[in-house]
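Please open the structure in your viewer and keep the selection tool at hand. We will walk through it together, one stop at a time.

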Amino acid sequence: MKKSENILILGLGGVGDYLAKRLSHEGHAITVVEQFPDALNRADGELDARLIRGDAMSFSCWLNADAKKMDYLIAVTDDDAVNIIGSLIADRLGIRQKIARVRSLALWEKDAPLKAEDVKIDLVIRPEELAAREIARLLKLRAGNVVFDIAGGQMQVVGTRIDETSPLAGFKLLELSQKYNHFYFRVVSIARGINTIIPSGDEVLLPGDNAFILARSEDLSKVLDLAREPSDEARHRVMIVGGGTVGSRVAAILEKTFPVRLIERDAARAEELSHQLKNTELLHGDGSEVKTLLEAGLLEMDTIVAATSDNETNIMSCVMAKNVFKDKANEADGKRFRSIALVGREEYLVAASTMGADVVLSKKVLAANEILKYIRRGELLSVAHLHGLEAELVELVVGEGAPITRKPLLRIEGTKGKIIIGGYSRDNGWQTAVGTTHLQPGDKVIAVCTSDHLRDVQSLVLG
Amino acid sequence: MNSRGIAFVMGTLLLVTGGAMLAPVLVAAIYGEGDLIPLLISAVISCAIGLPLRLKFSHGNVLDTRDAIVIAAFGWIVISAVSSLPFILHGSIPSFTDAFFEMMSGYTTTGATILTDIEVVPHGLLFWRSQTHLLGGMGFLTLTIIFLPHGVAGLRIFRAESSPGQVITRERFTARNRDAITYLWVIYLSLNLLQVIFMCAGGMSLFDSLCHAFGTVSTSGYSPYNASIGHYNSAYFDWVIILFMFLGGVTFMLFYHAARREWQVIRINTELRWYLGFLAFFCGLTTWLLWRDGTYDFLDSLRYGTFQVVSLLTTTGFTTADYELWPYAAQMLLIMVCFVGACAGSTTSGIKVIHYVVIWKFMVGAIKKIFFQPLAVLSVRINELPVDKGVVYLSICYFIVNVFMVLGGGFVMVLLDDMDAVTGMSSVVAALMNIGPGFGDVGPSENFAWISPAGKWFLAWTMLVGRLEMFSALVIFYPSFWRR
């Protein structure tokens, strides 16, 4: 395990920086090529990586970076063309795996003359498409509930907001598990303020928290009832704010299933989209104004998706929409209203989800996770990144002689507040793990941890 | 401030120190001169303090830049204090002030001594004294980083310490910080080994060659003899030491590239060219002055002149002759040489060649722009790449701070002790640039024993300031550094 790869990253923008941090945390040897000294200066001293200032389109730069010894190329510069050519150069130099971000969707249409294989890209990353698909998945499959399938669908993680009236608020997790002992569930992480908490038994759930709960699939409806999340809704009406790449893609995917309204600020863009999106109702207006939102029929909606190019607008639109709904709760006959915000900056992710956005998605994090999943394949069975948190959910197999097999979970030291073993599987299916669970080699486990402790999880569980 | 994380690193530091004392313990056991027990006790004490700290404050604590600076500044003080234990316990240096001065001088690779008769100290302790050079030369903390759990903490400490291996452009030759440090240590130890082989081949005893190699490659300057290298009066040893002092002053990254036959990297290295230029200029001029004056015949002028210039320029501080008897012009030249260190990213201290290169190029450009070509674009190029403005400003600040430290420090020394201005200033230069011997009453034939305790503490602090390249050691005096 813990195989260390040599990874070359082109471009130290949002995704590049985030990936470099995560990958170096996992012990890989990272080299970064970036053209602008400002980005390099910011990373210097923060990032354990070799930083090279240079142009990815100059050959001396590749030589300088020792590219021939690399196992992976991750091309995530701002320029699609540079990323594609980068992959070609990497292939010529003998780098095995090439991952490139190519935003343009047109290039990968079904009958396009140029395929990813033609430009030697092994994994194409399209952050906007990933974000759009994730939003669509959440809305289509789970009526807007944030649910992750894990362990082949036998277990699930549900995200829920704790408010003042929630039956879970104000209790220690230990008390909760005693109170609801007819079925097992486990709170595996909490977003509070601007922090991600991996809770221990003494942690108290507070109003305003955004909590993620792990349970077996057959108990899912009970957990949803408990969290007062409606488990099913027949009709779902969606309002999208912002008709950029993500917004329009979400509309395109959803418009066949749900009634969709899209508000775009730019008149020309709105008109252009109205031709493309046949079944979407296009509105022209500023989605960051309450008046506009109400005029557009906010109160009839079930979900608002804020997908403009501006982080702050997205967060504020969601927060405002939530509050408008609270005020007019009577008119809206008490139904659950959800908001999904697209947020680019890492710092905002947790804050946005505690401020009121029910789901916080980041293109950058989604793209990075797609890449991480690809690099880790084989090592970890599956990985999910919990939306709006800096937490990871991984599934792995307990190794022979691993430290975790020595004692029951309760007595294993150094994991408190860092790592939670949420569930495990032995002979007969998946179970939620409790303090007295004693793991054995060969068990499959679900672990939740903050991103920088992933390595600790690996050494703890894999041995 | 993350005091748990700091305690953890300090614990590791003490464990490494305690472990390092095992080598002199071995030497003491071989020679059997009564220093075995003091060394053993010190090693045990060091580990006994370090082990609980490391175990209790387990890892996973992230250190920020401020913590790293605290570690860099106080780490050196802590290990110098612990390392002085064997001398105090044995009684060869009874006073704590003296022992601390001697050890700080060792770790900072200064080589200034308070021992009037070095040769009466038992071999085990002499070995320990020289071994502090070996540990300090590559930066004690870099050694510790290898023993730290992975994470960014190591990188921040590495930066705060201004350890060798860092060049001004902050270039790195490997992806992982720890790999880079390991390579640097391998290069460093190989150079030491190579020199030991050369010295033994010339007939020096293994003990002496080890001590001298430790003092040469780290460009420090402790010798187990009162007359330093002059003790042997052998042209062969002089030239071997000149060679290794020179190599100790070369950017260590270049050895890595040389081993990989990447000659292009070395060819375009601006600093190396200037380093060679400086050396050729000062050696040639000194030799000519000595020869013209009739101090020595031509070959001896070349040998003594070159040795002294290389020794002072690389901040080593070995002596083969009492240069205070040389013509005044040659002495003045040597004072100038004291202000020039060797290459950045080597084991040397002081104002590096690269600082002069950057300042010079910036100055020439600025004058041109101000006085006769206002449209000129100001850009400084090093190794065929443009240098960041920040680096230029840092170089200028660094130079100015050095000048003020020398002048202000000289004043403090004259104030504390009854000494003349030359002695006062040159004692600060010798300490700040980590050279060792100076001029006047701290010249090559004298030592620092007679200076008052207050003066010794001040000089010891000055050595640390020089070793940490000023800023890490000075920011802890900013009140706002501690507030938050």
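Predicted model: local features only at pLDDT ≥ 70, side-chain atom pairs only at ≥ 80, totals over all residues.

**Stop 1: the nonpolar cores**

Begin by selecting B:Trp128, B:Ile157, B:Tyr275 and B:Phe448. They belong to the largest nonpolar core, which has 147 residues, and these four touch the most other members. Now keep B:Phe448 and show what surrounds it. Beyond its neighbours within four places in sequence, B:Phe448 is in contact with residues including B:Phe101, B:Ile114, B:Val442 and B:Leu459. The contacts of B:Phe448 also include B:Ser427, B:Gly436 and B:Lys456.

Another core, of 47 residues, lies apart from that one; select A:Val157, A:Ile198, A:Ala307 and A:Ile420, which are among its members.

**Stop 2: aromatic rings**

How many aromatic pairs does a search of the whole structure find? Over all chains, there are 30. For one of them, select B:Trp461 and B:Phe477: their rings sit edge-to-face, 5.6 Å centre to centre, with 90° between the planes. B:Trp461 is in helix H21 of chain B (residues 453-467), while B:Phe477 is in the loop between helix H22 (471-475) and helix H23 (479-482), so the pair ties together parts that are 16 residues apart in sequence. B:Trp461 is partly exposed, at 27% relative accessible area, whereas B:Phe477 is exposed, at 54%.

Next, select B:Trp274, B:Phe278, B:Phe281, B:Phe282, B:Tyr356 and B:Phe399, a cluster linked by ring pairs.

**Stop 3: a nonpolar patch on the surface**

Keep the surface on and select B:Trp360, B:Met363, B:Val364, B:Ile367, B:Ile370, B:Phe371 and B:Phe372. Together they make a nonpolar surface patch of about 780 Å². Pick out B:Ile370, which lies in helix H18 (residues 353-371) of chain B. Is B:Ile370 buried or exposed? It counts as exposed because its relative accessibility is 61%, above the 50% cut-off.

**Stop 4: salt bridges**

Side chains of opposite charge can pair when their charged atoms come close. This structure holds 30 salt bridges over all chains, and three of them are worth a visit here.

- Select A:Lys21 and A:Asp17, whose side chains meet at 3.3 Å, N to O. Both lie in helix H1 (residues 14-25) of chain A, four residues apart, about one turn of the helix. A:Lys21 is partly exposed at 31%, and A:Asp17 is partly exposed at 21%.
- Select A:Asp66 and B:Arg260, which meet in a salt bridge of 2.9 Å, N to O. A:Asp66 is in the loop between helix H3 (59-64) and strand S4 (72-75) of chain A, and B:Arg260 is in the loop between helix H13 (252-259) and helix H14 (263-267) of chain B, so this pair joins two chains.
- Select A:Arg426 and A:Asp443, with their closest N and O atoms 2.9 Å apart. A:Arg426 lies in strand S20 (residues 419-426) of chain A and A:Asp443 in the loop between strand S21 (429-432) and strand S22 (444-450), so the pair ties together parts that are 17 residues apart in sequence. A:Arg426 is partly exposed, with a relative accessible area of 25%, but A:Asp443 is buried, with 3%.

Methods:
Residues numbered from 1 in each chain as written. Chains lettered and ligands numbered in written order. Heavy atoms only, no water. Patch = residues over 30% accessible without salt bridge, like charges linked within 9 Å, V, L, I, M, F, W, Y side chains within 5 Å. Areas by Shrake-Rupley, 256 points an atom, 1.4 Å probe, with all protein chains shown as cover. Salt bridge = Lys/Arg side-chain N within 4 Å of Asp/Glu carboxyl O. Buried < 20%, exposed > 50% of the residue type's maximum accessible area, 1.4 Å probe, protein only. Core = buried A, V, L, I, M, F, W, Y, C linked by side-chain atoms within 4.5 Å. Contact = heavy atoms within 4.5 Å. Phe/Tyr/Trp six-rings, centres within 6.5 Å; stacked < 30°, edge-to-face > 60°.
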